[in-house]
Amino acid sequence: MGKIIGIDLGTTNSLVAVVESGIPLVLADGRGQRLTPSVVRVPASGEPVVGWEARRGRVAHPETTVTSIKRFMGRRGDEVNSNGDTMAYPVHAEGSGPVVVPLQGRDWLPEELSAEILKTLRTIAAEGMIDRPEAAVITVPAYFNDAQRNATRKAGELAGLRVERIINEPTAAALAYGLNSLKEKSKVAVYDLGGGTFDLSILELNEGVFQVLATCGNTRLGGDDIDRVLVDHFAEQIGQEVGPSAAAEPAILARLTEAVQEAKARLSKELKVAITLPFLTPEFSFEHTLTREQLELLAKPIVTRTREYCLKALADAGLASGYLDQLILVGGQTRMPLVREFASEVFGCDEGGPELNTSQNPDEAIALGAAIQGGILCGDFSGMLLLDVTPLSLGIETFGGLMNVIIPRNTTLPVKRGEAFTTVADYQKEVLIHVLQGEREKAADNWSLGRFTLEFEPQPKGVAKVGVQFEIDADGILHVLARDLKTGNEKLVEMSSAVEVDDAEVQQMIEESVEHAFDDIEDRRWIEARLRAKQTTAATRKGLESLGDELEEDQRGAIESALASVESLLARRENGDAVTAAQLREANSKLDAATQPLAGLMMDRVMAEMLEKRGVLPG
Ligand code: ADP
Ligand code: MG
C-alpha cells in the first residue's frame, strides 16, 4: 500500500504531513513554508492561484480572492444567509440550494475551491516525499455534520486524492501528542482556537485507544473575530481622517486586515508594535502603535466566549477539570498569551487541574495527527485505534411531530443502533422515515437530514412493524436502514447530499435545547396527552354508538361528561387558551375510568363474535 498523507484543511491555513521512516513530518513548499494560506484567487484567465501568492494578492484583487471557504462547505443558502456572513468576494446563497461563488463567469462550489487548496498541498507532498502520495486523511472540525464532511471528501476526490478517512481535528491533535507524551489511561482536553473555529474536546486514552468523551464548540468563533474587532477599531479612526465611505473600501479593509493580523501575531512575543500603512489613500498614511495590553482589552470578550463551551464539554463528559491529566492547546490563535492564560484558568491548571501542555507546535499538531492516522491505516504504526463521538443526537420523527432519538449525542463511533416502530393508521401502504439531528423535543425544531418512504404490506395499525437502524461509520457518515419486519422489504439510505441537509449552528442548537428544555418537555407531554385524548375520544364515540343503549343510565352519563371535558380542553387549547398537559392527562384518566363498563361490553361483544365465527353459540 502506498503512503497516506495527512491534511489539515483549515479555514485560515492548511498543512500537509506524512510519516517517513516512522517519523511524522510537516512538509514544506519550495520556499520552506509549512503553512499554506487557505486562499484561492480565480483570475480572468489561467489556473487559480493558491496560498501565499493568493493571500498577498488579496489587496489588489479583493473581489476574486476567496478566503475562509471552509465556512461554506456543505452549507445551504438559507443557512448562510441567516448567519450573516459578508465576504469581499461574491457569494450566491439562496434557499435550499448549495452556496456558490460566482467568479469569472462560472459558479464555483465550495468543494471545488477547497479542491484547489488540496491540489496545492498534494503538489507540496509530491515534491517533498520519497514515494508519491496516493491517498489522504483529511481533518474537519468536530462539529461538521454529514453534509460538511461529505463536501470535504468530495474536495479531496476533486483534487485527485483517495480520501481514506475524515477525522476530527481535536482527535488528530491528541494523536500528535499521544505518541510521545501521554501515559497509559489519561484524560485530555483539547482546546483548539484557530482562525475560524473553536473546538473543545475531552478525550480518553486507554491502552492505545483514543475515545472522545465529549466535544463542544462553535464553528464561528476564532482569531478572525479578533481581527475583525481590531479592524473595526482602526477603521473608525481612519474614517475620521478620510471619511467613512473611503475607509470602508474593500482594498483598504484588506490592507488593514493584513496589518492587524501581523500585529496581533507579533504581540504574542512583543509588548508593543507599530502599525504603518503608507498611502492608504493618496493623501493619507496610517500610523499607530498597538500595545499587548490594548490588544488584550479588545480580544478579551472574544476569548471569554470559549469558556461556556469548555464547561459544557466537561459537564457532558461528567467530569470535573481535576480529573483531566492534560490540557492541549492547538490552533494558531492559542499562541496568544492571553488565550493560554485564559484556558489555563478555566481548567484550573494552577489549582490541581490538568497540566498545560504546549509542547507541540499549535498550528501543526492537527496535520501531524492526520499523518499519524494515515500511517496507522497503511500499517506504518499499529496498535492504535481512533474512536469519535456523535456531536448531536440522531433520530426520526414519530407520530405527533416528536423527535425519537436513536443515537444520543456523544455516542462513541462507529455505532449501529436500531429500534422498531409501529404504524399509526390502519392499512398504511408506506411509512415516511424523516431523519433528524438535534437536541430538541419537537421534530420541527431539529434539523432535517433527509426523508424517504418505505412501502410495506398493509396491516392494521399497531400490528405492522418497521425496524429502523442507524449506523454511523468511522467517517461519521450516517447510513439509515428501514425494514418491513414482516416481509423483509428494506431500504438503505446514506444521508449525504448537502442540499437535503437542513443544517444550522450546532452550538445554537445546544444552547436552544437548554433554553427551551422546560417548554420542550411541556410540549412533548401535551402532544402525547393530545394523541391519547384523540384516540380515546374516537374509540369512546364509536363504542357509545354501537353499545350505548346497553349501558346503565348513570354509566352513560359519566362517560358523556368525561368525554365532554376532554373535548372541551382540546377545543380550548385550540382557541389559544392556556391548558396544560397535566390538565388534559387528568381528564384522560377520568375518561379511561368512566369507560370501564363500556370497555367490558365491547370485550364481551368481541368474544361473542369470535365464538360465533367458530360456530359455537353462547349458552
Ligand atoms: P485554522 O484552523 O482556522 O486554519 P490556524 O490554526 O492556522 O487556523 O490559526 C489561524 C489563526 O491564528 C489566525 O486567526 C491567526 O491570526 C492566528 N495566529 C497565527 N499565529 C499567531 C500568533 N503568533 N499569535 C496570535 N495569533 C496567531
Ligand atoms: Mg485549525
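Helix 10 is followed by glycine 318, whose phi is positive, near 65°; helices here are DSSP runs of H or I with at least four residues, strands are runs of E with at least two, and both are numbered from the N terminus. The structure is a predicted model, in which local features need pLDDT of at least 70 and side-chain atom pairs count only at pLDDT 80 or more, while totals for chains, interfaces and linings use all residues. Residues are numbered from 1 along each chain as its sequence is written, chains are lettered from A and ligands numbered from 1 in the order in which they are written, and side-chain values use heavy atoms, with hydrogens and water left out.

Within helix 10 (residues 307-317), the buried residues include Tyr309, Cys310, Ala313, Leu314 and Ala317; buried means under 20% relative accessible area, exposed over 50%, and partly exposed in between (1.4 Å probe, protein chains only). These residues lie on the same side of helix 10 because they cover an arc of only 135° around the axis, the arc being that of the directions from the helix axis to the C-beta atoms.

Helix 15 (residues 553-574) also has a buried side, to which Ile559, Ala562, Leu563, Val566, Leu569 and Leu570 contribute. Their arc around the axis is only 120°, which places them on the same side of helix 15. The face turned away from that side carries the exposed residues Glu553, Asp554 and Ser561. Helix 15 is followed by glycine 576, with a positive phi near 95°.

Most residues other than glycine have a negative phi. Serine 68, however, has a phi near 45° and is found in the loop between strand 7 (65-66) and helix 2 (77-83). With a relative accessibility of 11%, serine 68 counts as buried. Phenylalanine 279, in strand 15 (residues 272-281), has a positive phi of about 50° and is exposed, at 58% relative accessible area.

The surroundings of ligand 1 were examined next. Of the 16 residues around ligand 1, Thr12, Gly195, Lys264, Ser268 and Gly332 come nearest; a residue is near if one of its heavy atoms lies within 4 Å. A polar side-chain atom of lysine 264 lies 2.8 Å from an oxygen atom of ligand 1. A backbone N or O atom of glycine 332 also lies 2.8 Å from an oxygen atom of the ligand, and for glycine 196 the corresponding backbone distance is 3.3 Å.

Conventions
A polar contact is a pair of N or O atoms within 3.5 Å; within protein, one must be able to donate a hydrogen and the other to accept it, and residues adjacent in sequence count only if both atoms are side-chain atoms.
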